[in-house]
Every structure is written in structure tokens, then in C-alpha cells.
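Grab a pencil and work through the exercises below. Each one sets a task, then walks you through a solution.

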Amino acid sequence: MNMKLLRLFALLLLIFIVSGGAMSVALADDEAADGVTRQKFVELFPSDLKPAFTQNTVVKLNAIVRRSLDAINEYDEIIKDVRVAVDKVVTENAVPDLKEQAGQKVAQITVLDQASKSALSDMMAAATELRNSDEVFNRAILAGMVDFVEDVEREIAAQQIKLTKILSEV
């Protein structure tokens with residue numbers, strides 16, 4: 001998928017350079033009255049192309065997304081061991097040593113939950129600040145970043161609550 005996008009970008013860049021700065025882009029298919037589908041084209045100039053974010057904003061947002069990515073990667077590495085430990089406690093009638101070990105593993109998830117909540121809080125503040133500014137930015141990319149950080153927080157929080165509840169009931 002990424003290679004296709006890279007090739008498309010390279011092709012568009014080549015066309016842009018060869019055409020002297022202007023290029024036509026197919027916007028949408030349009031069906032005429034005679035039933036024939038035609039594409040609409042719009043000419044774009046360099047002044048029409050804008051970056052998705054300023055450099056400072058991209059660095060700030062990427063740092064927040066990176067914190068979420070680090071949290072979910074660590075979560076993915078340890079969740080299987082955590083579930084095994086909790087399952088052992090449940091199946092072996094809460095042997096005190098096993099319960100303590102499982103509690104320590106769930107505590108790791110709790111730390112990741114706090115990290116994901118912090119990243120989400122920072123992302124929401126950064127997004128609100130960006131929307132309230134006069135900076136031009138790509139709303140779709142921002143929405144994708146916010147969705148990713150929200151999804152990470154939601155997944156880790158749900159597992160943390162579930163595992164803590166299971167341990168407290170044993």
C-alpha cells in the first residue's frame with residue numbers, strides 16, 4: 001500500500017515538474033445526461049498546495065502520537081503474559097503468590113493506562129489549540145491522529161478495568 005502511494009506521489013511530482021508548475025487533477029466522476037461518465041479536472045498551481053501542518057505543529061502532534069504508539073506497543077508485548085497470570089489465579093483458586101504476581105502484571109497495564117490517558121489529554125488540548133488558532137492545517141489528518149490516540153486509550157483502559165475486576169473478585 002505504501003509503495004503504491006509513494007509511486008503515485010512520485011508520478012504526480014514528475015508531472016508537476018514537467019508541466020512547469022501547473023497540473024490537472026481528476027476530482028470526481030460525473031455522469032452526463034446521456035449516461036456517459038466523465039471526469040472533471042481542475043488545474044492546480046504551486047500556490048494551491050499547502051502542507052498539512054506547520055513544522056512545529058507536526059513535531060508536537062507526532063510526539064503525542066508516539067507516546068500512544070509506545071504505550072500500545074508495550075501493551076501488546078505484555079498483555080498475553082498478564083492474561084495468563086490472571087487466568088492462573090482464577091483457575092488455581094487464588095493462590096496468594098500467584099495473585100500477587102498477577103497483581104504486579106496488572107499494575108503494568110495500569111501504568112500504560114495512565115500513560116495513554118495523559119497522551120489523550122495532551123492530544124485533545126493540542127487539537128483544541130490548533131482549531132482555535134489561525135493556522136492552516138489538514139483536518140482529516142488531525143482527526144486520524146486524535147482517533148488513534150483515543151483508540152489506544154480506550155483499549156488499554158478497557159483491559160485494565162476488566163483485569164482489575166477479575167482479580168478483585170478472586
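Before we start, contact means heavy atoms within 4.5 Å. You're looking at a predicted model, where local features need pLDDT of at least 70, side-chain atom pairs count only at pLDDT 80 or more, and totals for chains, interfaces and linings use all residues. Residues are numbered from 1 along each chain as its sequence is written, and side-chain values use heavy atoms, with hydrogens and water left out.

**Exercise 1. Find out what Asp113 is in contact with, and whether Asp113 is buried or exposed.**

Step 1: Locate Asp113 in helix α3, which covers residues 96–132.

Step 2: Skip the neighbours within four places in sequence; Asp113 then touches Glu153, Ile156, Ala157 and Gln160.

Step 3: Check the accessibility. Asp113 sits at 7%, so it goes down as buried. Buried means under 20% relative accessible area, exposed over 50%, and partly exposed in between, using a 1.4 Å probe and protein chains only.

**Exercise 2. Trace the salt-bridge network that holds Lys117.**

Step 1: Recall the rule: a side-chain nitrogen of Lys or Arg within 4 Å of a carboxyl oxygen of Asp or Glu.

Step 2: Pair Lys117 with Asp113, at 3.4 Å from N to O. Both are in helix α3, four residues apart, about one turn of the helix.

Step 3: Now pair Lys117 with Glu153, at 2.5 Å from N to O. Glu153 belongs to helix α4 (residues 139–169) and Lys117 to helix α3, so this bridge ties together parts 36 residues apart in sequence.

Step 4: Join up the shared partners, and Asp113, Lys117 and Glu153 form one network.

Step 5: Glu153 is buried at 14%, while Lys117 is partly exposed at 38%.

**Exercise 3. Explain why Arg66 and Asp70 are separated by about one helical turn.**

Step 1: Spot their salt bridge, at 3.0 Å from N to O.

Step 2: Look at the spacing. The two residues are four apart in helix α2, and that's why about one helical turn separates them.
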